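Subject: Structure handover and notes

Dear colleague,

I am passing on the structure below, together with notes on what was found in it. Please read the notes with the model open beside them.

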Amino acid sequence: MKDASAAARTTAMAVELRLKGHTTAAAGSTAADDMLKQVESATKDVQGTSASNGDDQDLRDDVLAAFATISRALIHARDALAAPQGGPEASRLGSDPSRLMPVLDELHRASDQLDALMTKAGIQ
């Protein structure tokens, strides 16, 4: 769970750097893709665990749902980071803020959701 949360936060940082023009589209997109692979690996690990009771099953299901939310946000970030730049504001900022700001918000919401789940499960 910590790896998936870190993946979302790392990708959010890549988006922020791209918005400020401090990284390239390729670097940001690659970072998002690498983090997506990390979450996919964590998802496989959780899927491979057995749950002995209903509470464990509920926790596993909640974790998998949170991972799916993070994966979706990472895919959106990868797409937005790789998108061609457009307009004068985009070139000044490093990428199109109308595409990156919603993705940044989505990444923050996804990582906050997982962090709340980790707190509920006593993991932090």
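Asp 62, leaving aside its neighbours within four places in sequence, is in contact with Leu 117 and Lys 120, where contact means heavy atoms within 4.5 Å. The place of Asp 62 is in helix α3, helices (H or I, at least four residues) and strands (E, at least two) being DSSP runs numbered from the N terminus. With a relative accessibility of 34%, Asp 62 counts as partly exposed; the scale used here calls a residue buried under 20% relative accessible area, exposed over 50%, and partly exposed in between (1.4 Å probe, protein chains only). Between Asp 62 and Leu 117, which are 55 residues apart along the chain, the C-alpha atoms are separated by 7.7 Å.

Before going further, please note that this is a predicted model, in which local features need pLDDT of at least 70 and side-chain atom pairs count only at pLDDT 80 or more, while totals for chains, interfaces and linings use all residues. Residues are numbered from 1 along each chain as its sequence is written, and side-chain values use heavy atoms, with hydrogens and water left out.

On confidence, pLDDT is the predictor's confidence in each residue, from 0 to 100. The chain has a mean pLDDT of 89, and 90% of its residues reach 70 or more. Confidence is highest in helix α2 (residues 25-47), at a mean of 95, and lowest in helix α4 (residues 87-93), at 47. Over residues 88-94 the pLDDT is below 50, and this stretch has 14 contacts in the model beyond near neighbours in sequence. Where pLDDT is low, the predicted coordinates should not be read in detail.

As for the overall layout, the chain has five helices and zero strands, giving the pattern α-α-α-α-α when read along the sequence. Of the 124 residues in the chain, 40% are buried. Among contacts between residues at least 6 apart in sequence, 76% join residues at least 24 apart.

How do helices α1 and α2 pack, and at what angle? Helix α1 (residues 2-19) and α2 pack at an angle of about 170°, with their axes 9 Å apart; axes are lines fitted to C-alpha atoms, for helices over the stretch in contact, and angles run from 0 to 180 degrees between N-to-C directions. That makes α1 roughly antiparallel to α2, on a scale where angles under 35 degrees count as roughly parallel, over 145 as roughly antiparallel, 65 to 115 as roughly perpendicular and the rest as oblique. The residues of α1 that meet α2 include Ala 4, Ala 7 and Ala 14, and among their counterparts in α2 are Gly 28, Ala 31 and Met 35. Ala 31 counts as partly exposed, at 22% relative accessibility, and, its neighbours within four places in sequence aside, is in contact with Thr 11 and Ala 14.

Leu 74, leaving aside neighbours within four places in sequence, is in contact with Ala 7, Ala 8, Thr 11, Ala 32, Met 35, Leu 36, Val 39 and Leu 107. Leu 107 is found in helix α5 and is buried, with a relative accessible area of 0%. Not counting residues up to four places away in sequence, Leu 107 touches Ala 8, Thr 11, Ala 12, Val 15, Ala 73, Leu 74 and Ala 77.

Finally, Leu 117, one of the contacts of Asp 62, is found in helix α5 (residues 97-121) and counts as buried, at 10% relative accessibility. Beyond residues up to four places away in sequence, Leu 117 touches Met 1, Leu 59, Asp 62, Val 63 and Ala 66.

With best wishes
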